[in-house]
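Subject: Handing over a structure

Dear colleague,

I am passing on the structure below, and after it you will find what I found when going through it. Please read the notes with the structure open beside them.

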Amino acid sequence: MAKLYFKYGAMGSSKSANALITKFNYEERGMTVWLIKPSTDDRDGADHIRSRIGLDAVADVIRPDDDVRQRLRSHCDIDVIIADESQFFTALQIDQLREIVDRQDIPVLCFGLRTDFRTRLFPGSQRLFEVADSITEIKTVCACGSKAIVNARIDDCGNIVTTGEQVLLGGNDRYVAMCHRCWSKAIGQQ
């Protein structure tokens, strides 16, 4: 019986690497993977998923107005769907992935962030927490050694910022994973 999985972590927890390794494992067993990503994430190219450790693959791009079920119909014999940067999918698209699991018995593995730089849930992540069968944290650490849960946004001078649009694409140049204690201290809340 297929399930909807949500594997989340802070920036730098190797979510994309895990997604690409999972894709490799399925394909090594002769299974067909539909690798997808939201159009919001175009930092490595519109149709590429690239991990910090150098893994890379081409993915189908899902726009906010796309119906994932309709897009799936153009693919034959899909054994599994792997979705990277799932926080950027709409809540409706997460519901469509849920429907694919339930009606077509195709497992869906979603990888993404839980929260933004203000510690607020992304819409796609929120919906995944509400409807996923399995929720797993991919852990990473803060500079102090504690578990990192905050995706702290930094400006060009390395200062942590707490205002701005929810989505600002970037990697290590814009974000640093921190524990809540260090983040609170850095923004002056302690």
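Among contacts in the protein chain (heavy atoms within 4.5 Å) between residues at least 6 apart in sequence, 73% join residues at least 24 apart. Please bear in mind that this is a predicted model, in which local features need pLDDT of at least 70 and side-chain atom pairs count only at pLDDT 80 or more, while totals for chains, interfaces and linings use all residues. Residues are numbered from 1 along each chain as its sequence is written, and side-chain values use heavy atoms, with hydrogens and water left out.

The protein chain holds five helices and eleven strands, these being DSSP runs (H or I of at least four residues for helices, E of at least two for strands) numbered from the N terminus. Its radius of gyration is 17 Å, close to the 16 Å that the globule rule gives for 190 residues, so the chain is as compact as a globular protein of that length; the radius is taken over C-alpha atoms, and the rule is 2.2 Å times the number of residues to the power 0.38. Of the 190 residues, 43% are buried, meaning under 20% relative accessible area with a 1.4 Å probe, protein chains only.

Helix H1 covers residues 15–28, and its buried residues include Ala17, Ala19 and Leu20. What covers the buried residues of H1 includes strand E1 (4–8), strand E2 (33–38) and strand E7 (108–112). Just after H1, Gly30 takes a positive phi of about 80 degrees.

Technical notes:
Buried means under 20% relative accessible area, exposed over 50%, partly exposed in between (1.4 Å probe, protein chains only). The expected span of a helix is 1.5 Å times one less than its number of residues.
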